[in-house]
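Here is a short briefing on one protein chain. Look at the structure first, then read the points below.

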Amino acid sequence: MTMADDRQERIRNRAHQIWQEEGQPAGHHERHWHQAAADVDREDAGKPSADKKPAKKASGAGKAKAAPKEEKTASKASKPKAGKPKKAAK
C-alpha cells in the first residue's frame with residue numbers, strides 16, 4: 001500500500017465516522033469527505049515525519065535556570081529595606 005493509498009483509506013474511514021456521528025444523513029458525502037481530509041492533514045501535520053527529524057538543541061542552549069531558593073532568600077536578607085535611610089556611623 002502506498003502512502004497515497006493509506007491517506008485515502010484514512011480519509012474514507014474518517015468520513016464514514018463523521019457520517020455515522022451525524023446520524024447517517026443522505027447527501028452530505030462531499031462535506032464529510034472534505035472535513036475528513038482536513039482532519040487527516042491536521043493529524044499528519046502534528047506528527048514529525050520520518051524524513052524530517054526534529055532538530056536537537058545544543059547543550060546549554062535556552063533560558064538560564066533560576067537560582068535555588070536558598071540563594072534567593074539569602075540575597076534578599078542582605079539587601080537593606082526600602083524606606084528610612086540608615087544613619088552613618090560617626
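Axes are lines fitted to C-alpha atoms, for helices over the stretch in contact, and angles between them run from 0 to 180 degrees between N-to-C directions. Two packed helices are described by the angle between their axes and the distance between the axes. Keep that in mind for the helix pair below. The model is predicted.

**The chain as a whole**

- The chain holds 3 helices and 0 strands.
- Read from the N terminus, its elements run α-α-α.
- The chain has 90 residues, and buried residues make up 9% of them.
- Take the contacts between residues at least 6 apart in sequence: 36% of these join residues at least 24 apart.

**How H1 and H2 pack**

- At what angle do H1 and H2 pack? The angle is about 125°, and the axes are 8 Å apart.
- That angle makes H1 oblique to H2. The reason lies in the cut-offs: angles over 145 degrees count as roughly antiparallel and 65 to 115 as roughly perpendicular, so the angle here belongs with the rest, called oblique.
- The crossing of H1 past H2 is right-handed.
- On the H1 side, the residues that meet H2 include Arg 7, Arg 12, Arg 14, Ala 15 and Ile 18.
- On the H2 side, the residues that meet H1 include His 32, Trp 33, Ala 36, Asp 39 and Asp 44.

**The nonpolar core**

- Which residues make up the largest nonpolar core? There are 6 in all: Ile 11, Ala 15, Ile 18, Ala 36, Ala 37 and Val 40.
- Helix H1 (3-21) and H2 are the elements that give two or more residues to this core.
- In soluble globular proteins, nonpolar side chains tend to be buried together.
- Leaving aside neighbours within four places in sequence, Ala 15 is in contact with His 32, Trp 33 and Ala 36.

**Asp 39**

- Asp 39 sits in helix H2, which covers residues 29-45.
- Is Asp 39 buried or exposed? Its relative accessible area is 16%, so Asp 39 is buried. The cut-off for buried is under 20%.
- The side chain of Asp 39 makes a polar contact with the side chain of Arg 14, at 2.8 Å.
- Beyond its neighbours within four places in sequence, Asp 39 is in contact with Arg 14 and Ile 18.

**His 32**

- His 32 also has its place in helix H2.
- Its relative accessibility is 2%, so His 32 counts as buried.
- Which side chain makes a polar contact with the side chain of His 32? The partner is Glu 22, at 2.8 Å.
- Leaving aside neighbours within four places in sequence, His 32 is in contact with Ala 15, Ile 18, Trp 19, Glu 22 and Pro 25.

- Arg 12 is in helix H1. Its relative accessible area is 43%, so Arg 12 is partly exposed.
- How many residues apart in sequence are Arg 12 and His 32? They are 20 residues apart in sequence, and 9.3 Å apart in space, C-alpha to C-alpha.
- Asp 44 is in helix H2. Its relative accessible area is 31%, so Asp 44 is partly exposed.
- Asp 44 and Arg 7 are 37 residues apart in sequence, yet 9.7 Å apart in space, C-alpha to C-alpha.

**Gln 24 in the loop**

- Where is Gln 24? Find it in the loop between H1 and H2.
- Gln 24 has a phi near 60°, a positive value in a residue other than glycine.
- With a relative accessible area of 45%, Gln 24 is partly exposed.

Notes: Residues numbered from 1 in each chain as written. Predicted model: local features only at pLDDT ≥ 70, side-chain atom pairs only at ≥ 80, totals over all residues. Heavy atoms only, no water. Helix = DSSP H or I, 4+ residues; strand = E, 2+ residues; numbered from the N terminus. Buried < 20%, exposed > 50% of the residue type's maximum accessible area, 1.4 Å probe, protein only. Polar contact = N/O pair within 3.5 Å; in protein donor to acceptor, adjacent residues only side chain to side chain. Contact = heavy atoms within 4.5 Å. Core = buried A, V, L, I, M, F, W, Y, C linked by side-chain atoms within 4.5 Å. Parallel < 35°, antiparallel > 145°, perpendicular 65-115°, else oblique. Left-handed = near helix turned anticlockwise from the far one by under 90°.
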